[in-house]
Structures are given as structure tokens and as C-alpha cells.
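Here is a quick walk through the model you have open.

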Amino acid sequence: MNQIYPLFKREFLAYFRSPVAYVVIVVFLVAAVGLSFFVANFFKAGVASLEGFFVFFPWLFLLLIPASGMRLWSEEKRAGTWELLFTLPVSTSAAVMGKFLAAWLFISLAIVLTFPMAITVGYLGNPDWGVIAASYTGSILMAGSYLGVCSLTSALTKNQVVSFIISVLVLAIILFLGFSVFTDFLNAWLPVWLADAITNFSFYTHYDSMLRGLVHVQDLLFFISVMVSTVWMNIVVLER
Amino acid sequence: MIEVNNLVKHYGAIRAVDGVSFKVSKGDILGFLGPNGAGKSTTMKMITGFVTPTSGTATVKGHSVLESPIEAKKWMGYLPESAPVYGEMTVEEFLKFIAEVRQFKWARKREKVDRVVQLCHLESVRKQSIETLSKGYRQRVGFAQALIHDPDVLILDEPTDGLDPNQKREVRNLIKDMAKEKAIILSTHILEEVEALCNRVIIIAKGRVIVDETPQKLKKRDTKTNAIRITVSNSDLERVEMLLKTAPFVDKVEVEEGACIVFPQRKHVIDEKLLDFCREYNMNLSSFEKLHARLDRVFYDLTTAQ
């Protein structure tokens, strides 16, 4: 913990020392609110719920989380600062954890900054606050899982653009596993149990149930295990 | 304080470092010389724990870099080649970060940062972000970072690279002032630096240690040590050459660009004997110049021979 904190602090503040933080937060807020207003017809729907707002998060995250996670390791490699970092008395796992937690906190901050939407539905109607709380929890956990993947791909290359593209591709594949177009295709070819198993690897399957206010242990475990396993692979990749 | 034992590093089929061993004790400033790509930086990176050796061990103050890396790194300060730093931070933020990683807190942290800022003359750029600094200042920030915990072992990869002559001198003085209390390894391409600073030199070529001795001794390897260059009128050159070859204290004589280079036997000092000899045979000298041993010639001979 003593080792993690300074690294965590530096990484978190680094977002705000460059324009990245402001761009990511502003784009995220504008896109999230814009989509729910104009695509999901937030006002016309006449329902006091944020489902039409949260439903776009998996898609927004697909671009924004790689954008904020791509620099984590590739920038260190490009600038040569990882040589400095790994000759300081810190373990690789502390460095990986510090960076991951900093980026996760940053993205969680962006998510929490959408609170005026919750206030709006609260003012206009009588929403189910349990569902909203579950949705926020689900978004933050899903963001962490996305970020684990991005942090890992970022450790594989010193080129941020390459890191970004690989992250988007990998995340897109994992996301699409949960959509009917894809699952229908799988069902036609594979036995049901196998198709189901593959579908269960999608972020969307687990996020969707949380959007409806259902917090199942297996959904929480899914997100946590994605984070733990990607962070662990990240450590292995750097220690090689 | 540093013990390196048979370090080997392979990159695929290339043997970057091929069995390097040496020891450095307190008070030593060890100069690491070698052509580019000889394995200097790789060796340093293995000692500092950044690169894992294929085989062999390195220990710092008794802590194995491989088995207890965190302990070993606590005692080391390292300035990597080209001094990488987080450009978006200010000098102060960066040094505070390093101090925090090294577990200094509150007042102790401030005190440590103040000390190195003063030591490396960074007061004027303290609040400036590092990416806006000149190469010289950046190098000094890297140096400050390595010194922040006043380490017993300092490893400096080309510490004066990219500095102007005044700054080079300053950095050298800084290193010299600290030397008594520490074990220092520095790599460099500048041979005068080795002469001015180090009490030991290691030359690495093709991944192997080919020389490990004092700079003075190394210098004496120069074949032209104490040789004397004599010029006479062209018509007289042949006679002078023949005569000099007969002198008992002369090993050999070479003619080079119209001048005779007289090599003394066993590199003894022969200035006076030779002058007397010349007078005796009525040679009309137009110049008489003692040649000094030069490290660059030794370096060239050693690193191209193999």
C-alpha cells in the first residue's frame, strides 16, 4: 500500500496535467447526455428512469476508455520512464495496481459527474433509486473491466495508437458476444450450452442485468475476475 | 559494495554481455568504457534490476538484485542514459514524487527535495515543467532524482552527455565531492573524464571485460609513453635516424611525416639522455617534443585489436 500510493497519486494527477482528462470528461458527458436526449428520447418517453441513459455506456466506453487507458504503459515505454520506475524500490505489481486504480478512479469520476441526470429524474418523477444505484455500480465495474483490457494492451506496445486500436478491437469482440445477432449465429452452429457459455463472457450480458436493478453475485464476480485477471496478465507481461 | 559475478545477457542469438565480473568498494569511482554496443548500458541495467540477466548475479550491499530487488534498489541511485523524466510534471513535483516512492514523508520529503535542488542548482527552474527545460537542466533533474536519498551506490549512465563544458565540469565536481562516501559506477565516452574522475577503469568490448585497472596504469599501455618526437632538416633525416637507432637507451625509431619518433626502452624517461646524445653527434634539431601517453590511443588499440 505504501508503495502503491505515490504511483497512484502521480498517475491520477497526470490526467489533469494534460488535456486528456478534460477532453475525455467533456466528450463523455456530452455524448452520454446527447444520446439519451436525442436517441433514447429521454423526455418524450415520460418514464422516470435512467435506463435510456445507461444503455449507451457500453458503446461510449468502447472508445473513451481506450482513449484514457492507452497511455498507461505505452507512454512510459516511449519516454523511457519505465526504466526509472522499475529501478525505484517498487514492485511491478504495485506499479500496475497504482496505475490501474488511478485510471479507474478517473473514469469513475467521469461517470459520477453524470449525477445531474439522476437529480433531473428525481425532480421530474419518482424513479427507483435502487435501480439507479445498481446502474452506477454496474457502469463503474464495467469501466474497470474495460480498463483492465486497455492497461494490458498498453503494456504490450510503446505506440499509443496501436494500443488504442487493439483495445477497441478486443473490447468490441467481447461486447458483441452478448448481442442477439451474434448469439443467433452461435446457436445455429454450436450446442446450446457452449453458445451460452460464450455469451456469458460478454460485458453486455452482465451489465444488462444490473441496469434492470438485479445485482447478482455472478455479475459482480464476472467484472471483478476480468479486472483481476487482466491486471495479473499485465504484471506478467511487464515482468516477462 | 557492488559485486557483479559472471553476468550474461543474450538477446536472441546476440550475446550483449558475455560473462562480466567485477567488484566496486566504498570510495571507488569506476569508469565504464567501451565502444557503442559493447554492453555497458546493458550491464548497468542488470545491476539496477531493470534487465533480468540470462545468467550470473549482481549484489548491492549484500542484497541480490534478482532475489531481493526492492532491498537492493533502496541503496541505489540510478541515472539512466538520456535521463528519462515525466515531462508533464514540474521539477518540484517530480522530485517530490521520487521522494514519496522512496518513502520520505512530510517534512523529511521537503528537506530531501530542497537538498538536491540546491545541490544540482535547480532553484531557478523549480516550478517549471520538465518538458520546457533545456537538455542540461533535464540531465540535472535526472541527477537530482538519483541523489535524493543520498544513496551508498550510484550508477550513472553517461552523466555528462549533452552538457556544455561548464556543466560537465560542475557535474564532475559534484561526483568527486560525493565519492568518499559512496561506490560509484559511471559510463562515458569521454576519456578525459575517466582520467579526471575515476580511480578505476573497466573497458568492455563485445560484452567482455578486457581491462580492469587504474587510469594511470592503463595510460602507460600506450606504446608512445615517454616517446620523443624530433624534427631535423630533411637532408639530415636519414643520418639522424641511423644514429638514433644505435643509442643504447632507444628501443626503436620510426619516421613519421618527416619527423623521428624515438621510443625509449621499457618506456623509461629519456629526455636528457637523448638531448645529450643529439648534442654529441651534432644534430641540428628544429624541434624536440615529448609525447605524452594518451588514453584514446590505448582505447583504440584495445578495442580494435579483438
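## Overall shape of chain A

This is a predicted model. For a chain of 240 residues, a compact globule would have a radius of gyration near 18 Å, and chain A comes in at 19 Å, so the two agree.

As for what's inside, buried residues account for 40% of the 240 residues in chain A. Now look at the contacts in chain A with a separation of 6 or more: 82% of them link residues 24 or more positions apart.

## Secondary structure

Chain A has 14 helices and zero strands. Reading from the N terminus, the order of elements is simply α-α-α-α-α-α-α-α-α-α-α-α-α-α.

## A helix pair: H2 and H4 of chain A

Two packed helices are described by the angle between their axes and the distance between the axes. Take helix H2 (residues 20-39) and helix H4 (residues 57-69) of chain A: they pack at an angle of about 175°, and their axes are 10 Å apart. Because angles over 145 degrees count as roughly antiparallel, H2(A) is roughly antiparallel to H4(A).

Who does the touching? On the H2(A) side you'll find A:Val20, A:Val24, A:Val27, A:Phe28, A:Ala31 and A:Ala32, while H4(A) brings A:Leu60, A:Leu64, A:Ala67 and A:Ser68. Sorted by type, the residues of this contact are nine nonpolar, one polar and no charged.

## Zooming in on A:Ser108

A:Ser108 sits in helix H7 (residues 92-112) of chain A. Is A:Ser108 buried, exposed or partly exposed? There are 17 other C-beta atoms within 10 Å of A:Ser108, so this serine is partly exposed; the buried label takes 20 or more, and the exposed label 12 or fewer.

Which residues does A:Ser108 touch, leaving aside neighbours within four places in sequence? Those are A:Ile140 and A:Ala143.

## Where chain B meets chain A

On the chain B side, 20 residues are in contact with 18 residues of chain A. The elements that supply two or more residues to that side of chain B are its helix H2 (69-74) and helix H3 (91-101). By type, the chain B residues on the side touching chain A split into ten nonpolar, five polar and five charged.

Terms used: Residues numbered from 1 in each chain as written. Chains lettered and ligands numbered in written order. Predicted model: local features only at pLDDT ≥ 70, side-chain atom pairs only at ≥ 80, totals over all residues. Contact = placed C-beta atoms within 7 Å. Helix = DSSP H or I, 4+ residues; strand = E, 2+ residues; numbered from the N terminus. Nonpolar A, V, L, I, M, F, W, Y, C, P; charged D, E, K, R; others polar. Axes fitted to C-alpha atoms, helices over the stretch in contact; angles between N-to-C directions. Parallel < 35°, antiparallel > 145°, perpendicular 65-115°, else oblique. Rg over C-alpha atoms; globule rule 2.2 N^0.38 Å.
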